[in-house]
Structures are given as C-alpha cells and as structure tokens.
Amino acid sequence: MYYCLKGLHERARSARAAVAATDAAEAALIKEKDVVVNAKSILASKVAPYVLIIHTGTNNPALDKIEKWEDGRMSFILNPQTTQASPLFHVKELFSANRESHIRVSKYLPDFVGIPEQLKISVESNKLEIIKEALYIREITILYKHKFYRFPVNDYLFPHNPLLMDPQDVYDGCPPYVISKCGKGTFLANETDPAVLAARMKELELRRKHLDWAPNNGPHVIPGCTKQVNYDKLPRFLKFKNARQKAFQLNLRRGHNMMKRTVIENKISVIFGKDTPEHFKSFKEFETLFVELAEDHGYDLGMVDDVLSVIKYWKTDEEFTRQELAGINPARIIKITTLPDTWDNMLDMPEHVMGEGVSLQAELEAGRMYMIDTNMLEVVGDGGILMPILTGFSLPMIVSLGDCLYYHDRVADTLRPVAIRLEYKNGGEAPTFWFPPKPSDSEISPEYLSWLQAKLYFRSSNMQIHAILTHFVRAHAVVEVFAIAMYRCLPKQHPLHKLLQPHLMGVIPINVQGREFLTKSTGVMAALMASGDKLWSLADVFMKQFRYEHLLHPEDVKRRGVEDIPNYHYRDDGMMWWNNLKQYCEEFIALHYTSDELVKGDSELQNMVDEIKNQGYKRLPEQGGFPGSLDTIEQLIEYTTALIWNGSIWHTAVNFGQFNYLAFVPNAPCAMTMPPPPQDETITMERILLSLPVKEMARVQIDISYSLSLFSPVEKFYLGSVREEKEDLRTETMMVDEKEVQCIERLVNRLTDMQEHIDKRNDGLKMPYMIIRPDLTPLTVQT
C-alpha cells in the first residue's frame, strides 16, 4: 500500500508539473494571439454547434426579488490538455444567485473537439472591487449532436482576475477552477488524465487546508469536530444557502429578544418588591400561554393542532408510553430480565398494577418487562447557575434520576408503565417508588396525583437525555465526524462522494452554529436545561458507552431486545428506511466495486474510514469499535447505509417532533424547580405546579422548541411535494450517469410505496406517527 500511495503521489506531482507547463503555454498563446472562438477561428476550420445549459443558483424556493450574479463571466475549455482541447471561450450572462435556475447558451467550436468528455470551468471577474461574490454552479449540461452530456460541479467558484489565465489563489475556500468529467465517478488508481489527476489532488489539498480537525486537547471524551469555531469563517462550500441563513438569524433574534424582554421585566419587578418568579396556578394556564405565544408569533397552524392533540391526552398512561416509542427519544427502551440493583428497595407492587395473580419475577424471566433509565445523569449536579440570564431571578433547577418500568401485557397486547423510580442523588435523598393508581381513583386523589408527578419527574429527566445526548451528541456531533472525513478524503469525482454528500453536507455548519449559540457555557441550553450547565460532562458518559453498532438500526433493535413491543412505529418505519437505503447503497456500489479487492485498494475510501476512527473517535475507548478499514463489498454497503441513515433519518426522528411534545411544558419540563417528594408525602396539585418550570422558563422552552422543529426554507426531502414546493432527492445529487440516476429513481419509487404503507397504518391511529415519513424527512441536517 505504501509504494502504491507513493507512486500515486509521484504521478500527481508529475501531473501538476505537466498541467502547469501546458497552462503556461496556453496562457502565452492566448496573450500573444488572443485566441478565442471568434470569426477568424470559425472561418479557419469546420465548426460544430454545442449548447451549454448552465445550472446555477443557491436557494430554493426563490425570494420575492430575484437576485442576479453580476461579478464576472464563466470561462470554459472542453477536453482540456488533450489533442481535442477546445479554445478558451466565455459566457457572460446574468446568472441567478438566489434560486435554482439555468440558462442556455449556444457556441460554435471546431469540430475536432468532438464528444465533450471533460470540462474545465473557471470564473473571471469584471470588477476591480475587492469584495466579490462566489458563484454556485450545480451542473453544466452540454447538448452535442442530439445527445446530452452532464458535468456535475456542485461547488462555488470565486471570480478571479482575467489576467491570471490559470489562477492558483483561493478565496473563501473556493477552488480556482474545476475540471469535471462526464459520466459516473472514478477511483484515484484508475485516473490517467494528468489534468484531472492534478485537479483531484488540488481539490483535496484545499479541503484539508480549510477543514481541519480540532486539536481536542481538553478532558472530555467527545467526537472530533472542525477546529473552526466561527460560522462566518467557514469556507464557502460549507456555508448554508442565503435563505436558510436569513431564517436562522430571524429565529435567533426573536429568541434573544424574548429572553431580554423577560429579564428586563423581572428586574423591574424586583425593584417594586417582587423577588420570586411566577409559577403557574393550573395546567390550563400552561395551555393558555402556549395559545397566546402561537397567536403572537404566528406559529404554523398544523403544528399548533398537533400540540393541542398532545394536550388532550398527555396525562394518560397510554400517551405517556406512546411518546417513549414514537416521540423524540424513541430508542431508549430496553428489555430486562432482572431488576437492576437500584430497584432493590422497591416496595411491594400493588396487585392492581400488573393484574391479579401476575408475578413481576415471572414476567421478568419470561422477557415481558422493559425499562428506560436515566442513570447517565448521576454525574450531573443541579443546574441553574445561569438562570438569572434567562429569567432575571435565581432559581433552583433540579437534576434527579428517573427510571420507568414497563410491562408488555400479552392479553391486551399493550405496553404500559407499572413503576417509576425517582432518586435525588444531589440532595442525598433515598430513592422513592411510585405506581399507577387504581382505575377507580379520581384525578384529584393523592394516588392519581402522586403517579402524575412521578411521570413529570421522569419525563423531565428523560428530556435532559434527549436534548443533550440523543439530539446534540448523537444526531449532530457523531455525524459531523463522517462529514469532515468525507470532505477531507473523497474528492467530488469519487463515486462515494456522490452517494454520501447530499446526506452529510449540512451537519458541519449547523454544529458550528450550535456551539456558538446553544451549547457553550453561556448558551441557551445552559440557561434553560437543568443539566445544561454540565453538558460536556454528560456527553463524556454517553460517548464512553457509544459503539459503532449503535449506528446500525437492525442491530440496535436486537441489542435492546425490542423486537416484540407492540405499536413501536419508530422501530418499524426505521426498519423500512434501513432496508430501502441498504438496497440503494447496494445497487449504487455494484456499479463501481466489482470485487472486494477494489474496496481494499481504494486508498481514498480507506483514508476516510481511517480518519473517522482515528481522528473522529480517537478519544473513545477502543475508538468506539469503529472499523479502521473496509475489506469487503458487504462491509462497505453496511458502512455507507449507516452514514446515510444517521445523517438524515436519525436526526429527523429525534428533532422534528420537538414542538409537538415540548410546547406544552408539563408534558416534558426542561427542569424541575423542587426535588422529588419523599415517599410518604401526600401529593397535591399545588405541589405539582410549584415543581414545574415558571412562566419565564416556559415561554423560552415553547419558542425554542418551535424554532428547532422548523424545516429550513431550502430543505430538500427524500420525496417531494408540489403542493408544499418541496424538492426530492433527485434535485440534490451529483449523479449524472444513467445507471446511477436509475438507482435514485428506484429508491424514490420504493419510498413512495413505503409512504403509502405508513399513511394506511396511520389512518387507524388516534395519534399518527409521521415524523420520518419520506416526504417529511430531509436529506441532511440543517437544524
């Protein structure tokens, strides 16, 4: 392998030198004779018509005002550095800069150019100003002799001084030029064209220069990330499209304004004698606040209806269980056959809980008991240090452990909660155990209220796990590793870059923004979440247990032993997703890898796999069990499926339902403001309300959950929708080879059938599960 790589690098150096010499000769010739396709060249040789369809633009849908890019012109050479090379020619048009668009240009070129097999593209400036805008080019399609030839670009080019015939300067991380080949991707070992080989090496050189791993010299066991900490300083190819950024800034300003207004109002109240936050006096007041904010801020009516449906059922055990299986934290329940030691002091379970004559021990041994625990919170102290930033008041924010035991009743074929264990370790309190009331107990009885309060504490503890671990660490930080390694190791011409890039392209910029505004020590999460002050300590515990196998949905289902849980729609829809994506990867990979030896010999692929393990996860025990290399086609299929599934499906499953379940604050409190009650306390409604977030906290929780649940205005989905102006996977791909495109078409067809199956299933549900429906599942992480 070493000598192979050495030979490739020597070839690359030779290719660069050859290209430089050729470019210099071209430049001298052009300067001397001003060789452009003009009347003289047309008269001097036979010519052939070529129609260029130039696809540009950055945003979809279009803004009200269509913006045009006017900073220069495009320059082209067909078949560069070959005997069929065309003369340099230019296209000067007003290219669209704020929406997906295209223009058609006809050019007459010498007929010896023949079939356009590759294309060199650069952008020249027509302005002297220092500040110029890069131009995004998605694809160039050439019509020649009644046949289309597609050249994928999918990059920003920066306008250069036209006197520099082959500019090498790099602005904003944009390459000086692109050489694109027609057809499917190629491997480095098979690349023989000096110009293309040099461009391929140059591309990776630029990527590595502008996208490097952070040193990660701190004490925390967390995934690797980019060293760039400021979004504005990211290279242009990593930044979001303009419409998405405008929406992000609008939500950010609205959130900041809400927090500032709350703090100012409360500090004024302190001056006039009010020195404590205002608690809610009933659950109805929580609902009233939600409706008021929805009206004031213009929340989407469909999303508001979903929250109102949750409010209708939220206190029932049926809805409590459903949310753990089909909510925003759906992959935490596990089968148990023995009770953990932490349950040793549990009181005798009342007979009505599991049914007359039903033995807990027998049901454990029979494999009918399940649990969700929050023991990872053991390392986290109480929060609230930054609460004055949020509310203007100092307020305790309690971190307690909450574990819930579930029973699969085979007679009714339902899963239901049968016990909750609460423990306030930070206060040195003994654990307490709580059980469901009898069906005959009223909603104002102490037994009913005790169980309701236990569910609130459990749900608050589980929300800490969701916000920090399930969402931020698992759906964002873990996936960022894949994206960094892909950009650093796979050039755009590599087949796997075409396969993976649509599903990994958004996670780096959103993570940089998240670390800037949400997860830093003075960010919103530290001010709002009970465990937010100790975010990175909690991430440590999670990542020490994290393994590569957790990325594999079928293996994760087996590991947790949840194959038999009824009505587990996340599991079932996730399995359909996994199988469809696996078939997609299998079909695509078969077009490029015909043997295991090709997998092992693909140095660029192996470099990516190595970086993921030894750079991205180097601080994990045993690097999280991630493979250091891939040796077979079967391994490659599994690996690429895992990257796509986690880069899109997993994030969708845990992100886009947040407003549904967090906007009614008692359903999932961001923090509890009192410790859990002792076992012998008689619970009252007043006690419950005093333990829940105050009005200042509730306002921010509602608004943040709404912002996090919104799709980006430039989002693209697996399935499109004409009615909602959503575009599907076929519009966000670099695949131009006919057989590659057919892979996408077959996937879209299978997902269409899958969606029909989901819709039919949902027709019979009181609360339909729609979070990962294909037309609601974005291709990548943008929120």
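Here are some notes on this predicted model, point by point.

1. Start with the overall make-up. The protein chain runs to 783 residues, and 59% of them are buried.

2. Next, the inside. The largest nonpolar core holds 164 residues, and Ile333, Phe482 and Met608 have the most contacts inside it. Another core lies apart from it, with 29 residues, among them Phe89, Val113, Ile137 and Ile140. As background, nonpolar side chains in soluble globular proteins tend to be buried together.

3. Which residues does methionine 608 contact, once neighbours within four places in sequence are left aside? They are Ala485, Met486, Cys489, Leu490, Leu500, Tyr639 and Leu643.

4. H11 turns up again in a helix pair. Helix H7 (residues 317-326) packs with H11 at an angle of about 10°, and the axes are 12 Å apart. That angle is under 35 degrees, so H7 and H11 count as roughly parallel to each other. On the H7 side the contact uses Asp317, Phe320, Gln323 and Glu324, while H11 brings Trp451, Lys455, Phe458, Arg459 and Asn462. Sorted by type, the residues of this contact are 3 nonpolar, 2 polar and 4 charged.

5. Now the rings. The count of aromatic pairs comes to 33. One of them joins tryptophan 314 and phenylalanine 664, edge-to-face, at 5.3 Å centre to centre with 65° between the planes. Why does this pair tie together parts that are 350 residues apart in sequence? Because tryptophan 314 sits in the loop between helix H6 (301-313) and H7, whereas phenylalanine 664 sits in the loop between helix H21 (658-662) and helix H22 (685-691). Tryptophan 314 is buried, at 8% relative accessible area, and phenylalanine 664 is buried too, at 2%.

6. Phenylalanine 656 belongs to the loop between helix H20 (633-655) and H21, and phenylalanine 711 to the loop between helix H23 (695-709) and helix H24 (738-762), so the pair links parts 55 residues apart in sequence. Buried or partly exposed? Phenylalanine 656 counts as buried, at 11% relative accessibility, but phenylalanine 711 counts as partly exposed, at 32%.

7. Rings also gather in a group. Phe482, Phe542, Phe546, Tyr548, Tyr617, Phe626 and Tyr639 are linked by ring pairs into a cluster. Two of these names have come up already: Phe482 is one of the residues with the most contacts inside the largest core, and Tyr639 is among the contacts of methionine 608.

8. Finally, have a look at leucine 729, in the loop between H23 and H24. Its relative accessibility is 2%, so leucine 729 counts as buried. Setting aside residues up to four places away in sequence, leucine 729 touches His503, Tyr584, Phe717, Tyr718, Ile744, Leu747 and Leu779. For isoleucine 744, 15 residues along the chain from leucine 729, the C-alpha atoms of the two are separated by 7.5 Å.

Notes:
Residues are numbered from 1 along each chain as its sequence is written. This is a predicted model: local features need pLDDT of at least 70, side-chain atom pairs count only at pLDDT 80 or more; totals for chains, interfaces and linings use all residues. Side-chain values use heavy atoms; hydrogens and water are left out. A nonpolar core is a set of buried Ala, Val, Leu, Ile, Met, Phe, Trp, Tyr and Cys residues joined through side-chain atoms within 4.5 Å. Buried means under 20% relative accessible area, exposed over 50%, partly exposed in between (1.4 Å probe, protein chains only). Contact means heavy atoms within 4.5 Å. Axes are lines fitted to C-alpha atoms, for helices over the stretch in contact, and angles run from 0 to 180 degrees between N-to-C directions. Helices (H or I, at least four residues) and strands (E, at least two) are DSSP runs, numbered from the N terminus. Angles under 35 degrees count as roughly parallel, over 145 as roughly antiparallel, 65 to 115 as roughly perpendicular and the rest as oblique. Ala, Val, Leu, Ile, Met, Phe, Trp, Tyr, Cys and Pro count as nonpolar, Asp, Glu, Lys and Arg as charged, and the others, Gly among them, as polar. Rings of Phe, Tyr and Trp (its six-membered ring) pair if their centres lie within 6.5 Å; planes under 30 degrees apart count as stacked, over 60 as edge-to-face and the rest as tilted.
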